[in-house]
Structure formats: C-alpha cells, structure tokens
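Colleague: Please take a close look at a single part of this model. I want its surroundings, its packing and the confidence behind it, in one connected account.

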Amino acid sequence: MHSTPRGWAVPGTGRAVSLSLMSIPLLFLSAGHALAHNVTPGDAGYIQETWGVNIIPFMYLGAKHMVTGYDHILFLLGVVFFLYRMKDVGIYVSIFAVGHSTTMLAGVWFGWGLNAYIVDAIIGLSVVYKALDNLGAYQRWFGVQPNTKAATLIFGFFHGTGLATKILDYDIASDGLLANLLAFNVGVELGQLMALALILIVMGFWRRSPRFFAQAYTANVVMMSMGFILMGLQITGYFVAS
C-alpha cells in the first residue's frame, strides 16, 4: 500500500526551488527527442522493412522504447515513489505491465488505432494524476482516496494503446507478427525492470536523507508540471495537425 505522508513540509530552500525551475526548460529541450511513444526514423524504417520472425531485434526495440520513453519513466516513478516494500512494488509494477501489455498486443493485432495526440495527452494526464495522488490532493480536496491499483491498471491500458497506435502507423508486416509483438513486449518489460532497478537504487539512497519529504514535495510538483507540459504539447499538436 502507499505510504503518502499526511502532512508535507513545503520546501523553502533555494536549491529545491532552483531544481523545480531548472527541470521545466530541460523537459522542453528534450521533448523533441523523447516525445511520448515516439519511434525514431531508423526504428520506423526497420519496422516497415522487416519480414518474418525477428525475436532479438524486436526485443531490443521494446527495451529501447521503455528506457527512452520519459512518459513511462515518469509514471513508473510516481507509482513507486511511496512504496517501501518490494512486495508492493512488484504488485503495482505487475498491474501496470498487464495493462500496458494487453492494449499494446491487442491494439496491434486487431488494428485498434486511436489518435496519437489524444492518447499521449491522456498519458500526460496519467503523470499529473499520479503526482497529485502522491501529494495527497484527492484526500484533501474530496475526502476520499481513489483506488490506486485500478488507476494504475487503467492508465497502463492507455500507455499500451499509445504504443500500439504508433506501431500501427508503420504497417508492421503480418508475417511473424505475433512472435515479433511478443518479443517486443518482452523487451518492454525487460526495459521496465532496468528502469525500475535504477529508480529503486536512487530512491533507496534519497529516502535516507532527512530532507526527503520536503524534497519529495518539490519532486512531485515538478513531475506534475511535466505531465501538464506533455498534455499541452499533445493538445497543441492535435489542433495544429487537424
């Protein structure tokens, strides 16, 4: 279960405020290279040209997508931010993996495509939602705590749908499709485990700091800001492309 603190010590140090301010322009600088569920031109060309079963290359592509997709990493960070027991981490990450895998595989296999801008805007919303949850906003505003497991599963569905939508844009070959999709999904999960391991190592050291809760407040505000920026970029892209 989550261990979100009931009371927050609002950060007042200049260093914490500077961290918050610096993170926003850094996101803008990286956005062009790490847009949610973006597929690089080289990877897109490979997807379009490949034929037959290619297990290792698709596993690599799946792992690469996960470790370079900051939308996934942000949401994953938010999910485990206040999880202290490995059992709870395993449960929540598994729920997210089930949701992500289900819609990615089904979306490509059955050709379920949605507007990429709308899906990615919802993914940005998932980051905002999780950051607000970590800040205890829903308990303060509404007096209730939403079901965190259900929310993780639902947003996992959208994360998978976003990737399926991108893959469908590149007309992946039908020959070897199921094997390649399964390999891609295995790669995604391996990439997720690598990202999760790094997050947990960093969080383990960070939580030992006496300033953790004050800095955690700032970190979740920054995370929420990133989610809003992602939403804004995708909504703008939708209207520009229309």
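Modeller: Leucine 153 touches Ile95, Val98 and Gly99, leaving aside residues up to four places away in sequence. Contact here means heavy atoms within 4.5 Å. This is a predicted model, in which local features need pLDDT of at least 70, side-chain atom pairs count only at pLDDT 80 or more, and totals for chains, interfaces and linings use all residues. Residues are numbered from 1 along each chain as its sequence is written, and side-chain values use heavy atoms, with hydrogens and water left out.

Leucine 153 sits in helix H8. Helices (H or I, at least four residues) and strands (E, at least two) are DSSP runs, numbered from the N terminus. Leucine 153 has 29% relative accessibility, so it counts as partly exposed. The cut-offs are under 20% relative accessible area for buried, over 50% for exposed, and in between for partly exposed (1.4 Å probe, protein chains only). Its C-alpha atom is 5.2 Å from that of glycine 99, 54 residues away along the chain.

Lysine 166 is also in H8. At 18% relative accessibility, it counts as buried. Between lysine 166 and methionine 104 there are 10.0 Å, C-alpha to C-alpha, and 62 residues in sequence.

H6 (residues 116–134) and H8 (residues 148–169) pack at an angle of about 155°, their axes 9 Å apart. Axes are lines fitted to C-alpha atoms, for helices over the stretch in contact, and angles run from 0 to 180 degrees between N-to-C directions. The two are therefore roughly antiparallel. For that scale, under 35 degrees is roughly parallel, over 145 roughly antiparallel, 65 to 115 roughly perpendicular, and the rest oblique. The H6 and H8 crossing is left-handed: the near helix is turned anticlockwise from the far one by less than a right angle, whereas clockwise would be right-handed. From H6, the contact includes Val119, Ile122, Ile123 and Tyr129. From H8, it includes Phe155, Phe158, His159 and Lys166. The residues of this contact divide into eight nonpolar, six polar and four charged. Ala, Val, Leu, Ile, Met, Phe, Trp, Tyr, Cys and Pro count as nonpolar, Asp, Glu, Lys and Arg as charged, and the others, Gly among them, as polar.

H4 is another partner. The axes of H4 and H8 come within 12 Å and cross at roughly 175°. H4 and H8 are therefore roughly antiparallel too. Asp71, His72, Phe75 and Val79 of H4 meet Thr152, Phe155 and His159 of H8. That contact splits into three nonpolar, three polar and one charged. H4 (residues 70–80) is mostly covered, with nine of its eleven residues buried. Among them are Asp71, His72, Phe75 and Val79.

Histidine 100 lies in H5 (residues 86–110). Its relative accessible area is 1%, so it is buried. Histidine 100 touches His72, Phe157, His159 and Leu163, among others.

Last, the whole chain. It has ten helices and zero strands. Buried residues make up 50% of its 242 residues. Of contacts between residues at least 6 apart in sequence, 87% join residues at least 24 apart. The mean pLDDT (the predictor's confidence in each residue, from 0 to 100) is 82, and 81% of residues reach 70 or more. Over residues 9–36 the pLDDT is below 50, and this stretch has 28 contacts in the model beyond near neighbours in sequence.
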